[in-house]
Every structure is written in structure tokens, then in C-alpha cells.
Amino acid sequence: MSPFDAAAILVAAAALFGYVNHRLLRLPSTSGTLVIALASSLALLLADEIHPAWGLRDTLLGFVQVIDFNQTFMHGMLSFLLFAGALHVDLQHLIDHRWTIGLLATVGVLLSTAIVGFASWWVFRLVGLDVPLLACLVFGALISPTDPIAVMGLLKELRAPKALEAQIAGESLFNDGIGVVVFFALVSMAGFETVAQGHPLVADPGPLAAFFLREVGGGAVLGLGMGYLGYRALKSLDEHSLELLITLALVMFTYAVSFWIHVSGPIAVVLAGLFIGNPGRAFAMSDRTREHIDGFWSMSDEILNAVLFLLLGFEVVAVAAADPSVLAGLTAVPIVLAARFLSVSVPVTAMRLRGRVGQHLTPVLTWCGLRGGISVAMVLSLPPFQGRDHLITATYAVVVFSVLVQGLTVRRLLVYYGIGERTG
């Protein structure tokens, strides 16, 4: 099967699942796609158990082996997901809450990575799963970033305060960038050079500090520079199709350059997206151009997330359906929730002492911290190693719980705390 055939099957399945959800389930698009993908995965597992001669699992395994997840996601699709998210964030609200967002995206991510890593290593050993400590820390890094897409629409629908929207969206964008840097550092330390694509790192403060400075600082400079060039190009003309092409080229070229010069592509793309989505939207785009660019990037984000969720379901069916992997998924959900609560509590408490945040922010940020496509992309990019199947299933369980349970109940939480307005 060629890569084009694989892409055709994935897009067709995403379209079919989206149609079924729109006609029958009428759930939010992300939740609906995940529900149908999960049901389809379980149906295929059941069919394979009933009639092993059909070889459904082997067929799926052959299908997922066609796709190079590292090249496809970490070196491609991730850039589009991050740019699409950054494009719609209000920069002024981001600046107003910069300290809270900065602490959540740095201290919060590092705390969450450590708590999830050590707790999952201890719990996995307790239940008889053999996963190395460094691999568990990699899991902590890839599951810590949150996804703003699924919850932002609901916050707007409930007319939640702009401050809350800014904190959730800003934290999600920047903890994605920081989380990916931590992920690359840990996979390099673990020896997964096919993912890290750099010089091996050791647990030494000096090299690690230099690595983070180069990745984060270099990514920020690259993103701001490329964003400014894109802004000047958009401002110099008024042709919506060409301007759309410029934004597409900006994302792809910025991300490619980041790998050539060894800086953080996710941070560069996020800052370029903020530049285009704020000064660019205000001063360099006509109303017609804004409409076309917003529509294109919103559609791209929905398609890419749908394909990622489908791929994760296929991967779990193909390689991680054994009982121990299921056990990894069941234990991962409470670990990640507890880690999210603790990693949010520390920065929020520090800011509350200075009078910078309101009440109820810790439980709201904990429950609104949904996991999505970026965590999926990172776990699928990992090469084969001892315990990889357990981490894939654990990620799948956390994402399913996050999107279906947290995503579908966050409305009640916000209304309960008097943050959003009742609708319907």
C-alpha cells in the first residue's frame, strides 16, 4: 500500500465518521469522531476474536506500518496544528495574563512531566508492567501538553470571561511548545535518536540548560522573525488566494528551518501564528482575506485532529490489545488527572498570593485541560522499544477520557462555578 492509498483511506474514514456523527450522534466534532473510532476499533477486535482467520489485526498492522509517524507528525502535521491554534488567540489578553500563562506553561509542564513519569513508573511496576523510568518520563512529557481546540468553542458558547479564554488558550499553546522541547530532550536521553534527531543528551544540568536555551530562545527568535516577514508580505498586497498561500508557506518553511538550525519548531510556529493572527489580522488583511484564512486553517485543524484520532485507534487495535496494555490505560487516567491538578495548583497558588487570579481557577484549569492531537502525534512518533504498546494505550485512554468525559461535562463545571451562562 502506497502512502497516498493510506492517506486516502484515512481521509475517507474521517469523512464517513464525521457524517455519521453529524446525522446521528450530533456530538462536538472531536468527541463524535473519537466515539465512532472507538466503537469501530472495539468492533474490529470483537470480529477478530470471533473469526481469527480473517486476519483483521494483521491487516491493520500492515496498514499502520506504511506510515512513518515520526516524519508524518513530528516533522509535518504538528506545525499545522500549532499554527491553527495560535492564529485565533488574542495577543492582548495573552500579555495581560503573561505571568500566569508563563508559570503554567513552564513550571506546570515540568511538574506534570515529573509527577506523571515517576507515578506511572511506580504504578506500572506495581501492576506488573515493565516500562523503563525514562520511557515513563517521556510519557509524562507527551501527555502534559493540553489542547485548546476542543474546549475553546464551548467557552465562547457559554460566554465565559475573556480572561479565562486567554489563560486556557495561552497555556495550551505555550505548554505545547515547552512540552515538545521536554519530549525531545527526554527521548534523546532515552536513546530514541530517530525521534530526537540530534546529539544524545545526558542528565547533566549544563548540557540540558544549553539545549533548552537553544531550543526555546532560538525558536522564539526564528518565529518572530519569520512572522514579521510574513506580516510584511501580507501587508503589501490584497489577493486572498496568494495571502493564504503565504501563510501556508510560512508554516512549512519556518518548521523546516527550525530543524536545519536545531531550534524548537513548535515554539517558532506558535509565535509566527500569534504574529499573523494579531498584527497581521488587524493591519495586513482585508475582511475577505480574513474569512478565507480563518476558514482554511479551521478546516485543516479539524481534518488533522480527526485523522490523528483514527490513527491512534488503528494503532491500538493492531498492536496493543492485550490485557496488560488495557491495564496501563486504566491506571494512566487517574495519574494524569492528579498530576494535572498538582501542577496547576502550584503556579495558581503563587499567583493568587499576588492577587492576580480569581477563585476556582485550579479546578477549572484542571478539568479544562483536555488532551488531543499533539499527545497522539508524539506517542505515535516513538520507535519500537520495551513498553511502547503500554504507552500508546495509556495515551489513548487519557485522550478518550479527556475528550469524552471532561469535554462533555466542562459546561456543567463552568455553570456550577458561575463562570459561564446557561444555554439551551
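This is a predicted model: local features need pLDDT of at least 70, side-chain atom pairs count only at pLDDT 80 or more; totals for chains, interfaces and linings use all residues.
1. Leu234 counts as buried, at 0% relative accessibility; buried means under 20% relative accessible area, exposed over 50%, and partly exposed in between (1.4 Å probe, protein chains only). Leu234 lies in helix H11 (residues 205–235). Helices (H or I, at least four residues) and strands (E, at least two) are DSSP runs, numbered from the N terminus. Leaving aside neighbours within four places in sequence, Leu234 is in contact with Glu243, Ile246, Thr247, Ile276, Ala284 and Met285, where contact means heavy atoms within 4.5 Å.

2. Residues are numbered from 1 along each chain as its sequence is written, and side-chain values use heavy atoms, with hydrogens and water left out.

3. Overall, the protein has 18 helices and zero strands. Of its 424 residues, 53% are buried. Taking the contacts between residues at least 6 apart in sequence, 79% join residues at least 24 apart.

4. The largest nonpolar core has 104 residues, and the members that touch the most others are Phe139, Leu142, Phe183, Trp297 and Leu382. A nonpolar core is a set of buried Ala, Val, Leu, Ile, Met, Phe, Trp, Tyr and Cys residues joined through side-chain atoms within 4.5 Å. Helix H9 (residues 162–189) supplies the largest share of this core, 11 residues. Apart from this core lies another, of 11 residues, with Ile168, Val344, Leu361 and Val410 among them. As for Trp297, its contacts beyond four places in sequence are Phe80, Phe83, Ala84, Leu87, Leu244, Thr247, Leu248 and Val251.

5. Which helix does H7 (residues 133–143) pack against at an angle of about 30°? The partner is helix H18 (residues 388–416), and the two axes are 11 Å apart. Axes are lines fitted to C-alpha atoms, for helices over the stretch in contact, and angles run from 0 to 180 degrees between N-to-C directions. The angle makes H7 roughly parallel to H18; angles under 35 degrees count as roughly parallel, over 145 as roughly antiparallel, 65 to 115 as roughly perpendicular and the rest as oblique. H7 contributes Ala135, Phe139, Leu142 and Ile143 to the contact, and H18 contributes Leu391, Ala394, Thr395 and Val398. By class, these residues are seven nonpolar, one polar and no charged. Ala, Val, Leu, Ile, Met, Phe, Trp, Tyr, Cys and Pro count as nonpolar, Asp, Glu, Lys and Arg as charged, and the others, Gly among them, as polar.

6. H18 also meets helix H16 (residues 361–368): their axes come within 9 Å and cross at roughly 145°. On the H16 side the contact involves Pro363, Val364, Thr366, Trp367 and Cys368, and on the H18 side Phe401, Val405, Gln406, Thr409, Val410, Leu413 and Leu414. This contact divides into nine nonpolar residues, three polar and no charged. Six of the eight residues of H16 are buried, so H16 is largely enclosed by the rest of the structure. The buried residues in H16 are Leu361, Thr362, Val364, Leu365, Thr366 and Cys368.

7. Why is helix H17 (residues 373–380) described as largely enclosed by the rest of the structure? Eight of its eight residues are buried. Ser375 and Met378 are among the buried residues of H17, and Pro145 touches both of them, along with Asn175, Asp176, Gly179 and Arg371. Pro145 lies in the loop between H7 and helix H8 (149–157) and is itself buried, with a relative accessible area of 3%. Pro145 and Leu370 are 225 residues apart in sequence but 8.7 Å apart in space, C-alpha to C-alpha.

8. Two residues around the end of helix H12 (residues 240–260) complete the note. Ser258 is in H12 and is buried, with a relative accessible area of 1%. Beyond four places in sequence, Ser258 touches Leu222, Val263, Ser264 and Gly265. His262 is found in the loop between H12 and helix H13 (265–283) and counts as partly exposed, at 40% relative accessibility. His262 has phi near 60°, a positive value in a residue other than glycine.
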